[in-house]
Amino acid sequence: MKEEQDYIQDLAEIRSMMERSSKFLSLSGLAGVMAGVYALAGAYVAYELFDFNPDKVVYNSFDSSSGSILIFLATAILFLAIGTAIFLSWKKANQRNENVWNVSSQQMMINMAVPLIAGGFFILILLEKNLIGLITPTTLLFYGLALYTASKFTYNDVKLLGLIQIVLGLASAWFVEYSLLLWALGFGVIHIIYGIYMHLKYER
Amino acid sequence: MKLSIDDLHKAFESRVRLGIMSALAVNDGLDFTSLKNFLDVTDGNLATHIKKLEKEGFLEVEKSFIDNKPNTTYYMTTEGKKAFEEHLNVLEEIIKSQK
């Protein structure tokens with residue numbers, strides 16, 4: 001014969017199972033902080049060393065050799081950030097006894113991949129058409145869309161982060177002269193703040 | 001008390017079966033390995049509980065091959081969904097009435 005306590009426990013287990021099986025909760029807040037640090041460093045290098053600071057949509061006041069270095073730099077930052085996120089999430093998943101490659105993390109990846117790949121191709125088109133000034137706003141915009149859809153499969157807080165990046169992306173498309181600054185704000189500062197917030201909220 | 005413990009479905013007495021139903025309630029379908037990882041039980045244990053739910057008509061099984069390896073995916077039937085929701089309602093009622 002079950003007691004009342006057992007029924008309360010039953011309900012708690014049902015809720016926990018529903019959450020565990022539909023949301024990937026090993027996403028690491030520290031990975032967000034690290035991604036923010038990489039982004040700030042990258043923006044600094046691009047600005048200081050390569051004088052990259054678009055003020056118009058059609059921007060070509062830097063030569064093509066530093067252009068390809070900049071693309072390499074941006075791609076390197078991207079992979080460094082993704083690598084750190086995977087590594088730290090893998091560590092966190094191990095601690096929590098969760099499988100890092102489970103149904104919900106797969107769902108999250110697929111849902112992020114669609115807007116990110118679409119954005120990637122769009123950026124290639126912009127590069128080809130020499131609309132360099134729109135590249136930084138585009139990265140913010142599509143990254144924000146990716147976070148927004150991914151939030152269904154992980155912490156709900158990620159939804160607000162996505163919305164912030166979308167707004168920053170639109171703002172930087174309008175104010176192209178501030179786009180690098182807004183990019184550093186979105187990918188750098190906001191990531192760090194959000195990462196610390198998530199770390200304090202879920203990882204202590 | 002309108003709803004009583006008698007209304008609770010026997011199939012949901014076990015925590016493992018309750019867990020299987022909870023996971024399938026929020027996923028379109030899950031394979032054996034995913035269920036095993038979520039529930040942290042042995043293969044044999046999980047298979048027994050799945051059999052029981054299948055017999056009740058709460059689960060649907062779809063067998064397929066992925067890279068020549070057999071893969072079994074489990075889905076919740078409409079009947080299973082209904083029974084699970086009823087079970088949740090009864091649980092809630094019991095807890096409320098005892099407060």
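How many residues lie between S2(B) and S3(B) in their hairpin? There are two, and Asp67(B) in the turn has a positive phi of about 55°. This is a predicted model: local features need pLDDT of at least 70, side-chain atom pairs count only at pLDDT 80 or more, and totals for chains, interfaces and linings use all residues. Residues are numbered from 1 along each chain as its sequence is written, chains are lettered from A and ligands numbered from 1 in the order written, and side-chain values use heavy atoms, without hydrogens and water.

**Hairpin in chain B**
- Strand S2 (residues 59-66) and strand S3 (residues 69-76) of chain B run antiparallel, joined by eight bridges.
- Strands are DSSP E runs of at least two residues, and helices are H or I runs of at least four, numbered from the N terminus.
- Strands pair if DSSP finds at least two bridges between them.
- Lys63(B) stands opposite Thr72(B) in S3(B).

**Helix H6 in chain A**
- Buried residues (under 20% relative accessible area; exposed is over 50%, partly exposed in between; 1.4 Å probe, protein chains only) of H6(A) include Leu161(A), Gln165(A) and Leu168(A).
- The buried residues of H6(A) pack against helix H5 (135-150) and helix H7 (179-202) of chain A, where contact means heavy atoms within 4.5 Å.

**Aromatic pairs**
- Over all chains, the structure holds eight aromatic pairs.
- Rings of Phe, Tyr and Trp (its six-membered ring) pair if their centres lie within 6.5 Å; planes under 30 degrees apart are stacked, over 60 edge-to-face, the rest tilted.
- Phe122(A) and Phe142(A) form a tilted pair, 6.1 Å centre to centre with 40° between the planes.
- Phe122(A) lies in helix H4 (residues 103-128) of chain A and Phe142(A) in H5 of chain A, so the pair ties together parts 20 residues apart in sequence.
- Phe122(A) is partly exposed, because its relative accessibility is 37%.
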